[in-house]
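Please read the briefing below alongside the sequence and the 3D view.

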Number of protein chains: 2
Amino acid sequence: MNNGRPSFNQYMSSISDRVATELTHVLPGAWDVPDSLRESMTYSLMAGGKRLRPLLVVAACEAGGGSAEAAIPVACAVEMVHTYSLIHDDLPAMDNDDFRRGKPTNHKVFGEATAILAGDALLTHAFYMVVQSARKFGVPAERVLSIVEDLAEYAGPRGMVGGQVADMEGEQGITKLEELEYIHLHKTSDLIMFSLIAGGRVAGCSERQIEALRAFGQRIGLAFQIQDDILDLIGDEAKLGKSTQSDVKQQKVTYPYFIGLQASRLEVGRLTDEAKTLIKEAGLEAPDRLLEIADFLMSRDH
Amino acid sequence: MNNGRPSFNQYMSSISDRVATELTHVLPGAWDVPDSLRESMTYSLMAGGKRLRPLLVVAACEAGGGSAEAAIPVACAVEMVHTYSLIHDDLPAMDNDDFRRGKPTNHKVFGEATAILAGDALLTHAFYMVVQSARKFGVPAERVLSIVEDLAEYAGPRGMVGGQVADMEGEQGITKLEELEYIHLHKTSDLIMFSLIAGGRVAGCSERQIEALRAFGQRIGLAFQIQDDILDLIGDEAKLGKSTQSDVKQQKVTYPYFIGLQASRLEVGRLTDEAKTLIKEAGLEAPDRLLEIADFLMSRDH
C-alpha cells in the first residue's frame, strides 16, 4: 500500500510517455522544411531509448517544488541534445555504427549529409525548446537564461563535445584511469548534471540546492557509466538488446579493466550512496524520486 | 571633410578587428579541452573572411542607439554559427571542398571526426556567447532570451539548416526559381536577418523597428547572394581569391541562369533600394551605417 502514490516504474513510464507525446508536437511536423530533414530528425528522436535525461529534468524540478509541466520543454531539449550526440557519434567518421537500439543508424537510412544536418538541427532546436519554458509556462527569463548558459556549457567544448573528442582520441590508447574519468565525466555525466541543474532552475531552487543537484548528477553519472562497463562485460544480451563484450572486442579500456569487476561494483555502490546522501541533505521539498532514480540506475540490468 | 567621422572602410575594419580580438579571448584558450578541438575551432574561426555578420550586428545595434560594446558577444556568436556552417558544408559527405579562402578546409587539416565536433562545439558555444551580453553588459534577460530564440529559429531546421538540406538536394536538379529562392533565403539570408534583428534587440529597438531590420536583412541577403552568383560568372579571380565559373562547371543553377545577367544586376539594385527605403522609414536613431552597408554589398567585386 502506498496511498495511491505511483510506483517508480509507473512514474518513469508516465514521464517517458509525456515527453514522447510532447516531442511529436514540437517536431517540425507542419513546418516548411525539407521532408528528409523532418523525417531524419523524427526517426532518431522517436527511436525509443530510456528517456533518462528528461526523467532527471522532471524529477529535479518536482524535487524542488516545481511542476512537471513547466519542466517538459527543457526535458524535450535535453533529449534533442542527447539524440544529436548519438547521431553524430554513429557517423562513419566517428564510431561508424550501423545499428543503434536494434535499428539502422540515422546515416544508414538517410545518408551521411542528412544525418549530420539532422544532428545540427536537433542541437539548434534544443535551445529553442529551452526558451519555450519561459514563453509557455512563465518561467522567469533570468532562470531560463541560466539554463541556456548551462546547456551551452555542459554540452559544448568544455563539456560533452570535449568528452567526445577525448574519447575518440583515447581509442588510440588510454593508459590512465584519470583519462577514462575525464571522458566519462564529460561524455556522459555532463548532460546528466545539466538535466538535474536545469530541472532545479525551472523550480527556482537556491544556488545551494543547485550545487547539490550538480554533485548528485556527477556521482550518478559516473556510476551509470561504470555500470554500463560492467553490463558490457557480464550483462544479458537479450535484456541489453545489444551484444556484450564489445568493449573487450574493440579493446576499449573500461573501469573493470583498470580496477577489476568487484571493485567496479563496489564503486557503483559507493557513488550511489554518496549521491543519495548529498540529495538528502540539500533541503529539497520532495527528494524521494531522485533517491529512487539513484537506486534504479545502480540496480539496472540493461 | 566629414568632421572626423570614420570612413565606411575604417568603420568596417575597426569592427572586424574588435571582433577578431574578442574571438581570441573567448576561444577556449585556457580551457581544459583536448588540444585538437581547441586548434580546430580556432583554425576556422580565425581564417579571416569578411566578418559581415558581426558588422551587421554592431551596425544594427548602433542604428538603434545601442553601444557597439554590448553587441560584441552576439557578434562573436553569429560568427561562430557562420563558421560552424562552413566547416560542416565543406565535409566530404556534403560539398567535399578541400580549400576555403585559399586554405585547406578544416577536415583536411584535422580529420573529419574533429571537424564535425569542432562545428558542433562552435554552434553550442555561440549560445553561451549570446548569454554573455546579459552577464557582461547588462542587456536585460528578456531581450537576450529573444535573441536566443531567434538564433535557434534562424539557424535551425526552419532556417539555415533547412536551407542547407534543400541546397544539397537541389544539386540533383532545381527547376524553379522559387526553389532557388527558398535555398538562398534560408541558407544565406536567415543568418543575415538574425544578425540585424539581434543587434536591434541588444539596443532595445521597438518591434516595428525589429520588423524593419528583418525586412532590410531579407532584401540585402538576397541581393548579396545574387551578387555572389554574378561574381562567380564574371568576377575577377584574383580579387575573389577563388576560381570563377565554378557554378557553371558544377552545373549549379543560379539567378543569372534563370533570369539572365542583366536582369540579375537590376534585381540586386532593386532589392538594395527597397532595403534602404525600409530602413530610412523605420525611425531608427542612426541608420547611416546600415545604408552604407547596403550600398557596399551591392557594389562589391569580391
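Between chain B and chain A there are 12 residue pairs in polar contact, both residues being at pLDDT 80 or more; a polar contact is a pair of N or O atoms within 3.5 Å, where within protein one must be able to donate a hydrogen and the other to accept it, and residues adjacent in sequence count only if both atoms are side-chain atoms. This is a predicted model, in which local features need pLDDT of at least 70 and side-chain atom pairs count only at pLDDT 80 or more, while totals for chains, interfaces and linings use all residues. Residues are numbered from 1 along each chain as its sequence is written, chains are lettered from A and ligands numbered from 1 in the order in which they are written, and side-chain values use heavy atoms, with hydrogens and water left out.

**Where the two chains meet**

- In chain B, 50 residues are in contact with 50 residues of chain A, contact meaning heavy atoms within 4.5 Å.
- The two chains, B and A, bury about 4400 Å² between them, with 71% of it on carbon and sulfur atoms; buried area is the accessible area (1.4 Å probe) that two parts lose on being put together, summed over both.
- Of the area that chain B buries against chain A, 15% is supplied by B:Leu145, B:Pro157 and B:Arg158, more than by any other three residues.
- There are 4 salt bridges between chain B and chain A, a salt bridge being a side-chain nitrogen of Lys or Arg within 4 Å of a carboxyl oxygen of Asp or Glu.
- B:Arg135 forms a salt bridge with A:Glu142, and their closest N and O atoms are 3.1 Å apart.
- On the side of chain B that touches chain A, H6(B) gives the most, with 16 residues; helices (H or I, at least four residues) are DSSP runs, numbered from the N terminus.
- The residues on that side of chain B divide into 31 nonpolar, 10 polar and 9 charged, where Ala, Val, Leu, Ile, Met, Phe, Trp, Tyr, Cys and Pro count as nonpolar, Asp, Glu, Lys and Arg as charged, and the others, Gly among them, as polar.

- After H3(B) comes B:Gly65, whose phi is positive, near 90°.
- Helix H8 of chain A (residues 160-170) is mostly covered, with 10 of its 11 residues buried.
- Both chains take part in covering the buried residues of H8(A), the cover including helix H4 (68-90), helix H7 (141-155) and helix H9 (177-203) of chain A together with H2 and H6 of chain B.

- A:Ala115, which lies in helix H6 (residues 112-137) of chain A, is buried, with a relative accessible area of 0%.
- Leaving aside neighbours within four places in sequence, A:Ala115 is in contact with residues including A:Ser40, A:Ile87 and A:His107.
- B:Gln227, found in helix H10 (residues 207-234) of chain B, is buried as well, with a relative accessible area of 10%.
- Not counting residues up to four places away in sequence, B:Gln227 touches B:Val268, B:Leu297, B:Met298 and B:Arg300.

Note on methods
Helices (H or I, at least four residues) and strands (E, at least two) are DSSP runs, numbered from the N terminus. Buried means under 20% relative accessible area, exposed over 50%, partly exposed in between (1.4 Å probe, protein chains only).
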